[in-house]
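Subject: Structure for your files, with notes

Hello,

Here is the structure I said I would pass on. My notes on what was found in it come after it.

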Protein chains: 2
Amino acid sequence: MSRLPFTRLYGPWAIVAGGSEGLGAAFASEIARRGVHQVLVARSPEPLEQTAARLRQEHGVEVITVAGDLAAPGTMDQICAAAADREIGLVVANAALAPQGSFLDTAVAELAGTVDLNCKASLLLARALLPDMARRGHGGMVFVSSLAGLQGVPGLAAYSATKAYLVSLGEALWAELRPAGVDVLTVCAGAVITPGYQQATRRQAPGATSPELVAATALDALGHGFRVVPGNLNRVSAFALQRLAPRRAAIAVFGRATAAALKD
Amino acid sequence: MSRLPFTRLYGPWAIVAGGSEGLGAAFASEIARRGVHQVLVARSPEPLEQTAARLRQEHGVEVITVAGDLAAPGTMDQICAAAADREIGLVVANAALAPQGSFLDTAVAELAGTVDLNCKASLLLARALLPDMARRGHGGMVFVSSLAGLQGVPGLAAYSATKAYLVSLGEALWAELRPAGVDVLTVCAGAVITPGYQQATRRQAPGATSPELVAATALDALGHGFRVVPGNLNRVSAFALQRLAPRRAAIAVFGRATAAALKD
């Protein structure tokens with residue numbers, strides 16, 4: 001079955017939230033390579049401007065930057081203002097906080113921040129931008145979740161719960177938006193080899209993939225189902241842990257992997 | 001294996017959030033029947049005081065009421081103040097908002113409210129009250145989730161995502177707190193026959209259970225694993241949909257059941 005070109009389905013503009021570094025920057029690059037202009041959103045202005053300049057230079061696309069915390073209401077207003085003048089065909093919700101270690105030792109504000117950013121900002125991005133896509137009859141939204149979203153992970157309790165939230169939200173919106181021609185996808189990435197990941201961990205988790213692989217796999221999977229797990233090993237492990245192993249084994253496997261990977 | 005009495009494990013005081021009506025009131029009654037005093041939290045003062053009076057009269061327990069929105073910071077402060085003077089051995093996180101219908105037609109404030117109440121307030125209750133239990137070496141926490149938390153549900157997108165959040169959070173905290181002797185449990189209730197449910201639906205869902213059955217099943221299951229699904233039909237359906245059926249079938253089954261049950 002031949003498909004319309006990417007720019008027709010998911011262009012002419014995309015919004016990438018958490019798009020300045022790591023996995024978000026890989027999404028931005030891959031989307032730019034496919035010829036789609038972008039509104040990049042991230043907290044730190046400097047890496048944001050550097051990524052924007054690189055995209056303009058390497059791919060010849062237009063890039064607008066919004067420097068701000070997605071969990072702050074003003075940032076969402078800026079995004080909506082940028083979206084009002086442009087046809088947004090694609091949204092990537094990638095911004096996330098991931099406090100690590102014992103739940104009882106994690107600061108209240110940090111815990112609250114995971115809900116505000118990982119859950120609520122993703123939810124409100126969807127609510128702000130999907131209605132116009134549905135009216136036009138095409139578009140896409142990618143929720144960046146994780147293998148950690150497929151069961152609770154001791155040592156990452158608050159984070160893994162927000163990623164389970166996105167898995168569920170993505171499934172429901174995939175079903176609700178499909179009749180309107182809008183493609184919703186959740187990406188359950190395993191460990192992604194970014195500078196942040198390498199700083200936080202002492203050894204690479206099995207199945208660790210490059211950010212480029214995750215971004216390209218996700219964008220290729222848009223329109224072909226509600227979930228994608230990039231990387232063959234991750235795909236097989238997710239199937240085995242979700243379908244074959246007892247649930248408590250999945251919890252234990254991820255808990256041990258987290259404890260082994262994290263620096264003290 | 002003989003166990004310590006309920007009051008020794010999960011007393012002398014419990015906090016029931018969303019405890020004035022429906023399922024929360026059933027939890028409060030069942031906990032009172034087991035001889036545990038309570039801090040009841042709910043938004044509407046009138047049903048809250050009525051439930052409190054009934055518990056005192058029928059079960060002879062002490063009951064303190066906190067009337068307020070759990071998502072407002074002041075309410076959490078009041079709960080912590082009440083907890084400072086009392087040994088809290090059990091927390092039931094039951095308060096939730098459940099907007100129904102098309103995601104694109106749901107008001108932004110209503111969507112944001114589901115995250116603030118269903119996710120964040122439950123998270124912060126856990127963070128506020130579990131540390132003292134862990135220090136004492138016993139206690140319990142019940143997260144009230146739903147079969148809707150086991151996959152995304154079209155027509156209940158925002159709600160089902162918050163319930164998936166609780167499933168995951170409960171699993172991670174079960175594993176993290178177990179070594180400290182604290183029991184964390186997530187209850188995945190099917191349809192619960194409460195006045196609110198009967199008002200919102202035009203026909204009873206298959207597997208619908210009484211609030212009393214859900215509360216008693218959950219309290220009996222505390223300390224025996226991370227999850228319980230009250231009702232035999234619900235337990236079998238959950239297993240079949242999670243383990244045997246394709247994921248998209250689970251999404252479709254719950255989407256159709258929601259559409260069939262809800263009033264227009």
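Two residues are taken to be in contact if their C-beta atoms, placed from the backbone, lie within 7 Å. Please keep in mind throughout that this is a predicted model.

How the two chains meet

The contact takes 38 residues from chain A and 38 residues from chain B. On the side of chain A that touches chain B, the elements that give two or more residues are helix H5 (108–136), helix H6 (157–177) and helix H10 (247–261) of chain A. H6(A) supplies the largest share of that side, 16 residues. By class, the residues on the side of chain A that touches chain B are 25 nonpolar, 8 polar and 5 charged.

Do the copies meet through the same surface or through different ones? Of the interface residues of chain A, 100% are also interface residues in chain B, so the copies meet through the same surface. Chain A is superposed on chain B by a rotation of 180° with 0.0 Å of shift along its axis, at an RMSD of 0.0 Å. That is the relation of a two-fold axis.

The sheet in chain A

Chain A has an open sheet of 7 strands in the order E3-E2-E1-E4-E5-E6-E7, with parallel pairing. Its edge strands are strand E3 (63–67) and strand E7 (227–228) of chain A, each of which pairs on one side only. Strand E1 (residues 13–17) and strand E4 (residues 88–93) of chain A run parallel and are joined by 5 bridges. For Ile15(A), the bridge partner in E4(A) is Val91(A).

Helix H3 (residues 45–59) of chain A touches strand E2 (37–42) and E3 of chain A, and the direction of H3 makes about 175° with that of E3(A). H5(A) also packs on the sheet, touching E1, E4, strand E5 (139–146) and strand E6 (182–189) of chain A. The direction of H5(A) makes about 160° with that of E4(A).

Helix pairs

In chain B, the axes of helix H5 (residues 108–136) and helix H6 (residues 157–177) come within 9 Å and cross at roughly 15°. That makes H5(B) roughly parallel to H6(B), and their crossing is right-handed. Residues making this contact include Leu111(B), Val115(B), Cys119(B) and Leu123(B) of H5(B), and Tyr159(B), Leu166(B), Leu169(B) and Leu173(B) of H6(B). The contact of H5(B) with H6(B) divides into 14 nonpolar, 4 polar and no charged residues.

In chain A, helix H2 (residues 22–33) and helix H8 (residues 211–221) pack at an angle of about 50°, with their axes 8 Å apart. H2(A) and H8(A) are therefore oblique to each other; their crossing is right-handed. Gly22(A), Leu23(A), Ala26(A), Phe27(A), Glu30(A) and Ile31(A) in H2(A) meet residues of H8(A), among them Pro211(A), Glu212(A), Val214(A) and Leu219(A). The contact of H2(A) with H8(A) has 9 nonpolar, 1 polar and 2 charged residues.

Cis peptide bonds

The peptide bond from Gly11(A) to Pro12(A) is cis, with omega near 0°. Pro12(A) is in the loop between helix H1 (6–10) and E1 of chain A. In chain B, the bond from Gly11(B) to Pro12(B) is cis, again with omega near 0°, and Pro12(B) lies in the loop between helix H1 (6–10) and strand E1 (13–17) of chain B.

Regards

Conventions:
Residues are numbered from 1 along each chain as its sequence is written. Chains are lettered from A and ligands numbered from 1 in the order in which they are written. This is a predicted model: local features need pLDDT of at least 70, side-chain atom pairs count only at pLDDT 80 or more; totals for chains, interfaces and linings use all residues. Helices (H or I, at least four residues) and strands (E, at least two) are DSSP runs, numbered from the N terminus. Ala, Val, Leu, Ile, Met, Phe, Trp, Tyr, Cys and Pro count as nonpolar, Asp, Glu, Lys and Arg as charged, and the others, Gly among them, as polar. Axes are lines fitted to C-alpha atoms, for helices over the stretch in contact, and angles run from 0 to 180 degrees between N-to-C directions. Angles under 35 degrees count as roughly parallel, over 145 as roughly antiparallel, 65 to 115 as roughly perpendicular and the rest as oblique. A crossing is left-handed if the near helix is turned anticlockwise from the far one by less than a right angle, and right-handed if clockwise. Two strands pair if DSSP finds at least two bridges between them. Copies are superposed by least squares on the C-alpha atoms of residues with pLDDT of at least 70 in both.
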